[in-house]
Amino acid sequence: MNHSEKTLRPQTAQLVCRLLAPLLDSGLVTADEFSIIKRNLDALAKTGELAPAVPHKLITPQETAEMLGVSYSQFRQLEKDGVFERYFKRRTIGGKTVRYYLPDIVKYMAQAEAEAE
């Protein structure tokens with residue numbers, strides 16, 4: 001079996017999504033399910049692997065605070081107090097822009113939830 005037989009072609013991913021569209025329209029497949037299927041098919045066609053469960057992206061401090069369920073000012077104070085230091089750090093982009101790595105935030109939330117149980 002050669003390499004091309006082991007990967008999903010982009011055309012095949014598009015075809016499967018088109019075939020699923022009537023199921024989405026009828027409600028047999030939810031929009032969230034369709035989105036997951038499409039994201040994974042696109043990733044398989046592009047990289048040969050499923051898409052990561054948590055996207056590898058940077059998010060704003062406001063988005064981070066919202067995910068953590070605290071106000072932006074509370075988040076800033078908690079960060080200043082070093083509460084998150086072990087788990088995630090701010091990343092400065094272009095000198096002033098601050099972002100946080102989403103997988104680190106999700107990992108922190110899972111650990112905090114496990115510790116609370």
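Predicted model: local features only at pLDDT ≥ 70, side-chain atom pairs only at ≥ 80, totals over all residues.
Of the 117 residues, 21% count as buried, and the protein exposes about 8700 Å², of which carbon and sulfur atoms supply 54%. Among the contacts with a separation of 6 or more, 50% are accounted for by residues 24 or more positions apart.

Helix α2 runs over residues 31–47, and its 17 residues reach 24 Å from the first C-alpha to the last, which is close to the 24 Å expected at 1.5 Å a residue. The buried residues of this helix are Phe 34, Asn 40, Leu 41, Ala 43 and Ala 45, and what covers them includes helix α1, residues 10–26. Helix α2 is followed by Gly 48, whose phi is positive, near 85°. Leu 50 is found in the loop between α2 and β1. With a relative accessible area of 58%, Leu 50 lies over the 50% cut-off and therefore counts as exposed. When neighbours within four places in sequence are left aside, Leu 50 is in contact with Asn 40, Ala 43 and Leu 44; of these residues, Asn 40 and Ala 43 are listed among the buried residues of α2. The C-alpha atoms of Leu 50 and Leu 78, by contrast, are separated by 35 Å, the two residues being 28 residues apart along the chain.

The structure holds 7 aromatic pairs. One of them is formed by Phe 84 and Phe 88, which are stacked, with 4.8 Å from centre to centre and 20° between the planes. Both Phe 84 and Phe 88 are buried. These two residues also belong to one aromatic cluster, which is formed by Phe 75, Phe 84, Tyr 87, Phe 88, Tyr 100 and Tyr 108.

Side chains of opposite charge can pair when their charged atoms come close. In this model the count comes to 3 salt bridges. In one of them, Lys 38 pairs with Asp 42, and the closest N and O atoms are 2.9 Å apart. Because Lys 38 and Asp 42 are 4 residues apart in helix α2, they are separated by about one helical turn. Lys 38 counts as partly exposed at 36% relative accessibility, and Asp 42 likewise counts as partly exposed, at 34%.

A salt bridge also joins Arg 90 to Glu 79, with the closest N and O atoms 3.1 Å apart. This pair links distant parts of the chain, since Arg 90 lies in the loop between α4 and β2 while Glu 79 lies in helix α4, 11 residues apart. Arg 90 is partly exposed, at 45% relative accessibility.

In the salt bridge between Arg 91 and Asp 104, the closest N and O atoms are 3.8 Å apart. Arg 91 lies in strand β2 and Asp 104 in helix α5, so the pair ties together parts that are 13 residues apart in sequence. Arg 91 is partly exposed, with a relative accessible area of 37%. Asp 104, at 23% relative accessibility, also counts as partly exposed, because the cut-off for a buried residue is under 20%.

Technical notes:
Residues numbered from 1 in each chain as written. Heavy atoms only, no water. Helix = DSSP H or I, 4+ residues; strand = E, 2+ residues; numbered from the N terminus. Expected span 1.5 Å × (residues − 1). Buried < 20%, exposed > 50% of the residue type's maximum accessible area, 1.4 Å probe, protein only. Contact = heavy atoms within 4.5 Å. Phe/Tyr/Trp six-rings, centres within 6.5 Å; stacked < 30°, edge-to-face > 60°. Areas by Shrake-Rupley, 256 points an atom, 1.4 Å probe, with all protein chains shown as cover. Salt bridge = Lys/Arg side-chain N within 4 Å of Asp/Glu carboxyl O.
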